[in-house]
Amino acid sequence: MTKTRFDIWLDQHHAEFTAIRRDIHAHPELGLEEHRTAALVAGKLREWGVEVTEGVGGTGVVGVIRGRRPGQGAIGLRADMDALALIEETGLPYASQNPGRMHACGHDGHTTMLLGAARYLAENPDFAGSVNLIFQPAEEGRGGALAMLKDGLFARFPCDAIYGLHNSPGMPASSFGTCNGPMLAAADSWQVIFRGVGGHGGSQPHLSTDITYAQAHFVLGLQGIIGRNVAPLDTAVISVGYVHAGSAEASNVIPAELVIGGTARTYAPEIRDLVERRIAELAAATAQAWGCTAETSYRRGPSALRNQPDQVAVAVAAASASVGADNVNGAIRPGTGAEDFAEMMQIKPGAFMRIGNGVEADGSFKGLHTPLFDFNDEIIPDGIRYWVNIVGEELGEDLRAAAA
């Protein structure tokens, strides 16, 4: 097959983009602390002639590329930049140089693929309208999307539609997948503090109000919320993540306070409301039954991510143009993971796409958020292709076969 100019360009620049990705990987930064990463992004964009605005939502960066053809359309392409608080164990030459920090979710690769698209589009602006390149901070639980929105993201950089891309270990390398409607869940956290009268667990347990009884019945009751309050065809998850009480140095003491908490995942707003209400009701009723008190708090995280059909059609067409229709699944099964990009999609119609990070011949892979994960540099060109083809689909020009 004869290579297009785009193919040749990608071959020529693959090593350069790989080096950028590994440099970002070696210098991970947590959310709203991405000063080095943001400076690298802004510097590369300026080097390639892209109009740059820094400090959007703290450490966010937005680049704007205007097409040379007449048109008023505008789209947003978003990548995340932050790392996780993990100790890397890959042993790679470019492993993290920042103790306790690691790019364990592939945001280094996401940033690099969007940078690659930015460079190509800046050199070949054969489209009508504007492309807003949104480099978001703090996707991993620190509210980067909301921070950018509060800083006037879409008022300052209007978008008719927005698109996001995330790598997925376990999917074949450079395969793509998305779906209509709910794709990822709302991710909330909850905590209950049980308080009672502590006492001697050996000689006078009858004089205490044993909060461990309340906690035990509360944990059992949580799954009753899923089984008996949530309709069978709706989706919800409640999980306990920690239980803290007492001391290993005083195992004969019934504690006076116990803290328990975890996560809740839902798709529908009404189910989210129900889960929040029922956790508090269950905690209060259980505490009352065992003569103690319960203080419940519930913190809402990212909203459920819902893809819109028109943008999914664009995303599937762009992915098919990138790797062939046989390697694109437009109806993948939704998951109960979460994604901060959902907050932007509450305001603008969009589509979120997965790109396969690869899988070993025996079916194994290193999962996201683990100390052994590494982004697959071989998929960088196809990620860039996808972004460029999104622009072509949305803004009306085929950029892949640009004249030499």
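## A tour from the pockets to the core

Start at the largest pocket, which holds about 730 Å³ of space. This is a predicted model, where local features need pLDDT of at least 70, side-chain atom pairs count only at pLDDT 80 or more, and totals for chains, interfaces and linings use all residues. Residues are numbered from 1 along each chain as its sequence is written, and side-chain values use heavy atoms, leaving out hydrogens and water.

A pocket here is an open set of points on a 1 Å grid over the protein atoms alone, where a 1.4 Å probe fits, with protein on both sides within 12 Å along at least five of seven lines; lining residues have an atom within 4 Å of a point. The volume is the space filled by probe spheres set on the points, which are joined across faces, edges and corners.

Now select Glu-139, Ala-187, Gly-337, Ala-338 and Glu-339: of the 38 lining residues, these lie nearest the pocket's centre. Colour the lining by class and you get 13 nonpolar, 13 polar and 12 charged residues. (Ala, Val, Leu, Ile, Met, Phe, Trp, Tyr, Cys and Pro count as nonpolar, Asp, Glu, Lys and Arg as charged, and the others, Gly among them, as polar.)

Next, hop to the second largest pocket, with about 240 Å³ of space. Of its 14 lining residues, pick Asn-357, Glu-360, Phe-365, Lys-366 and Asp-374, which lie nearest the centre. This lining has seven nonpolar, four polar and three charged residues.

Time to go inside. Select Leu-45, Leu-77, Leu-133, Phe-135, Tyr-386, Trp-387 and Ile-390, which touch the most other members of the 55-residue largest nonpolar core. Such a core is a set of buried Ala, Val, Leu, Ile, Met, Phe, Trp, Tyr and Cys residues joined through side-chain atoms within 4.5 Å; buried means under 20% relative accessible area (1.4 Å probe, protein chains only). A second, separate core has 24 residues, including Phe-194, Ile-225, Ile-260 and Leu-274.

Zoom in on Leu-45. Leaving aside neighbours within four places in sequence, Leu-45 is in contact (heavy atoms within 4.5 Å) with residues including Val-50, Val-61, Leu-115 and Phe-135.

Note on methods. Buried < 20%, exposed > 50% of the residue type's maximum accessible area, 1.4 Å probe, protein only.
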